[in-house]
Amino acid sequence: MTGVRGFFHPKTGSGRSSLVPAPPWHYSGDLLTIEYRTDPARVAELLPAPLELADEDPGAVALIWADWQSCSDSREELLDPVRSQYKECFAVVRCKYEGQTYSRCVYIWVDKDFAVARGLHQGYPKKLGSIHQTRPHPYGPAPRVEAGAVFGATLAAADRRLAEAVVTLRRESESNGFVNGHPMAHHRWLPSIEPGKGLALDELVLSGAASAEVGPAWSGDADLTLFEAPTEELHLLDVQETIGAYYRQVGVTWNGGTLLASGTTAAE
């Protein structure tokens, strides 16, 4: 008997309509990162048990804009750019689980449905948004990647602006920050279809790149402003002190994660 196919909904006889193909997923992108410190209590509010605040710099936050091209192993999406190109902006903090330090994405907005679907699988709390960042270019008025280059970035969702930033590059850097420098500790949650029955899926997972290539990193200064909105809470991670800003081009492959805990263990 023939069954339906596809990694994700909608599943069909051929599987061709699936919103995303099976991993591995490959990404090439330009990352603009701003790191700052906020009240650690605001970070703690976003960490479900058994996660705890990181021991060092517990109030550190990275707000990252990314302009991506992504594809499956076939790379066919790169020749149909509407299926490969998307942008996102995400807030990352650090946390501790069983003595180890992890990064954790606490907010993220993307502008394509296939990126939302991948986030549901990976444990990223993705929502739709409008994301823009200045693209470098070696000709014309666009900034080159060099000292003194100035980049802008904006984030909006549901017709409200949530964040805007201006980054000025100053010098080459050994890294593009430390907050997003650990494997991710994420939760995969799905409520039961039966009211009052809790979660049908409750997993704490470890997720990270299976492989990565990185270009030269640049560091600089940043002006970052966060705005209130009726259905968003990013502004609660208010900027108390700017740590730094970074630009880097990266290429990464994601090919699954590791289950750390499930059921009641994941939520204790």
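Which side chain of opposite charge is nearest to Asp 202, and how many Å away is it?

Modeller: The structure is a predicted model, and what follows is computed from it. The nearest side chain of opposite charge to Asp 202 is Arg 104, which is 9.0 Å away. A salt bridge requires a side-chain nitrogen of Lys or Arg within 4 Å of a carboxyl oxygen of Asp or Glu. Asp 202 has no salt bridge, although Asp 202 is buried. The residue belongs to strand 11, which comprises residues 199-207.

Asp 202 does have a polar partner: its side chain and that of Trp 189 are joined by a polar contact of 3.2 Å. At least two residues of its lining come from each of strand 5 (100-110), helix 2 (113-122) and strand 10 (184-191). Strand 10 contributes the most, with 6 residues.

The largest pocket may be described in the same terms. It holds about 750 Å³ of space, and its lining is formed by 32 residues. Those nearest the centre of the largest pocket are Trp 68, Tyr 124, Asn 180, Ala 209 and Val 252. Two or more lining residues are given by each of strand 1 (25-37), strand 3 (60-71), strand 4 (85-97), strand 12 (211-214) and strand 14 (241-254). Of these, strand 14 provides the largest share, 5 residues. The lining of the largest pocket divides into 18 nonpolar, 10 polar and 4 charged residues.

Over the whole structure, 13 salt bridges are found. One of them joins the side chains of Glu 88 and Lys 126, with an N to O distance of 3.8 Å. Because Glu 88 lies in strand 4 and Lys 126 in strand 6 (residues 126-128), this pair ties together parts that are 38 residues apart in sequence. Both Glu 88 and Lys 126 are buried.

Arg 42 and Glu 45 form a salt bridge through their side chains, at 3.2 Å from N to O. Arg 42 is partly exposed, its relative accessible area being 30%, while Glu 45 counts as exposed at 54% relative accessibility. A further salt bridge, at 2.9 Å from N to O, is made by the side chains of Glu 164 and Arg 161. Glu 164 has a relative accessible area of 29% and is partly exposed; Arg 161 is also partly exposed, at 41%. Finally, Arg 37, Asp 57 and Glu 241 are linked in a network of salt bridges.

How values were computed. Residues are numbered from 1 along each chain as its sequence is written. This is a predicted model: local features need pLDDT of at least 70, side-chain atom pairs count only at pLDDT 80 or more; totals for chains, interfaces and linings use all residues. Side-chain values use heavy atoms; hydrogens and water are left out. Helices (H or I, at least four residues) and strands (E, at least two) are DSSP runs, numbered from the N terminus. Buried means under 20% relative accessible area, exposed over 50%, partly exposed in between (1.4 Å probe, protein chains only). Lys and Arg count as positive and Asp and Glu as negative; His and the chain ends are not counted. A polar contact is a pair of N or O atoms within 3.5 Å; within protein, one must be able to donate a hydrogen and the other to accept it, and residues adjacent in sequence count only if both atoms are side-chain atoms. On a 1 Å grid over the protein atoms alone, a cavity is a set of points where a 1.4 Å probe fits but cannot get out, and a pocket is an open set with protein on both sides within 12 Å along at least five of seven lines; lining residues have an atom within 4 Å of a point. Grid points are joined across faces, edges and corners, and a volume is the space filled by probe spheres set on the points. Ala, Val, Leu, Ile, Met, Phe, Trp, Tyr, Cys and Pro count as nonpolar, Asp, Glu, Lys and Arg as charged, and the others, Gly among them, as polar.
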